[in-house]
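Hi everyone, thanks for coming.

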Amino acid sequence: MSTLKEKIIKPDEITKYMDGDRDFIDDGAIERTLAQHCDPDPTQVRDILAKSRAVETLTPDETAVLLHVEDPELLEEMRQTAREVKLKVYDNRIVTFAPLYMSNLCVNNCAYCGFRTGNPDAVRRKLSMDEVRRETEALAGEIGHKRLIVVYGEHPETGAEYIADTIRTVYDVEVPVRHGKGCIRRVNINAAPMSIDDLRMLHDVGIGTFQVFQETYHHDTYASLHPADTIKGDYRWRLYCMHRAFEAGVDDVGIGTLFGLYDWRFEVMGLLQHARELEDKFNIGPHTISFPRLEPAGGSPLTRHPRHRVSDEDFRRLVTVLRLAVPYTGLIITARESAELRDEVLVHGCTQTDASTRIGIGAYSETDEDQHEERQQFMLGDTRSLEELIVALAEKGIITSFCTAGYRCGRTGECIMDLLRTGQEGRFCKLNAVLTFREWLDDFASEEARTLCEPVVQQEIAEIRERVPQVYEKFMEHYHRTAAGARDLYF
Ligand code: SF4
């Protein structure tokens, strides 16, 4: 075992959450459950859909049933129910964010990643605080993002203290825009698993969602892709990092897997087990689930020919099943996917997406807009600008939300779980979506985009008047003040 690995991994911060010597992912049980439900009965499927409509988390057996539906009519019923559930919990809004890669220094050697130590072609660096400031100025001042997911590799030079410094730097940036100042209001992070002490440090600087992907829940596959002498080679240090996050006071977590490493049905079952474990132990499930598909990465032949490639059709199905199996959770689709597929699943299941995405280190403040394999973790499938995405959604009647109020009003953890399950969070969000969309349209949109998006704003205002008449007057007061230049008004 390397010294660094010994220094980072605290065995007692794994075993304390375990039931004896077993972790909560039982590969054999998942395989057996999947095998038992490979011929679903339509009546049973419809009973399960009724449970999803009631915003209840499904059991592994119920999820396995849905994962095996092949009948086109039943599949369409599932998709329509997924859409209903999404509208009930999240209304017709999409939250946008931008990923900001802070560093590609990494001590791990994951077979599918362009940043792995074994890739000699990777151009490596971490951002200085001046560079973090410049990147943030571009995102908050030119594009108009309010929410970031900041991304780090795993390296002693980019540990919790560096992460905390970069987050403070992002929050400090204010850039003049058409009306007042542009700034980032929420920083979510995607980083390596950490100790409880390090997570407390990040909690204290005000991180939003703490996101760690298990990559694959299948133990043997995990072992084959992550060398045992690396930190990431420890499956359980990663698996239990959300338990440590809750113990550190971070009550907003995001889980995910990299689809294409193992069988997609197994991975959906793993995500479900993870969500149920967190609900069971902490009464709070994951705020978000991510399901990126393996994309070509520099210096990684494995990514060119994945053994478990997930087709577009299976990808649509896994999104549908996740929406139905964990109905309260946010589902994130990223610019890895094509524009066409992304727009489709944003209607039927997903709730968050990125836009104007650049994943090279320092790429937002540079003029070069091309993708560079040697500077990126993987290659993007959709390079549309935020404005292009917003207009495409508006043409489908979907409003883009820049709201970050929930976090700042304490609507996180158990509180948000209750609001989501009862469909009440959608109401706050509808109001805040309109206010923040108005801000973005007036501060950043072109004349043409403003014209194309105005019908969605008016449609949302009409719905607010009809559905929540008790707050309509107060809402319109906020709306008119926002249109006149006031900023950051929220419910
Ligand atoms: S996937 Fe993450 S941990 Fe693995 S090599 Fe890439 S950056 Fe490092």
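**Cysteines, ligand and overall fold**

Let's start with C113, which counts as buried at 9% relative accessibility. Buried here means under 20% relative accessible area, exposed is over 50%, and partly exposed is in between, with a 1.4 Å probe and protein chains only. C106 is buried too, with a relative accessible area of 15%.

A quick word on ground rules: this is a predicted model, where local features need pLDDT of at least 70 and side-chain atom pairs count only at pLDDT 80 or more, while totals for chains, interfaces and linings use all residues. Residues are numbered from 1 along each chain as its sequence is written, and side-chain values use heavy atoms, leaving out hydrogens and water.

So which residues come nearest to the ligand? Of the nine around it, those are C106, N108, C110, C113 and K232. Being near takes a heavy atom within 4 Å. And disulfides? The count is zero, going by cysteine sulfur pairs within 2.5 Å.

Now zoom out. The chain has 21 helices and eleven strands; these are DSSP runs, H or I of at least four residues for helices and E of at least two for strands, numbered from the N terminus. Of its 491 residues, 62% are buried. Along the principal axes, the C-alpha trace spans about 60 × 60 × 40 Å.

Last one: contacts, meaning heavy atoms within 4.5 Å. Among those in the chain with a separation of 6 or more, 76% join residues 24 or more positions apart.
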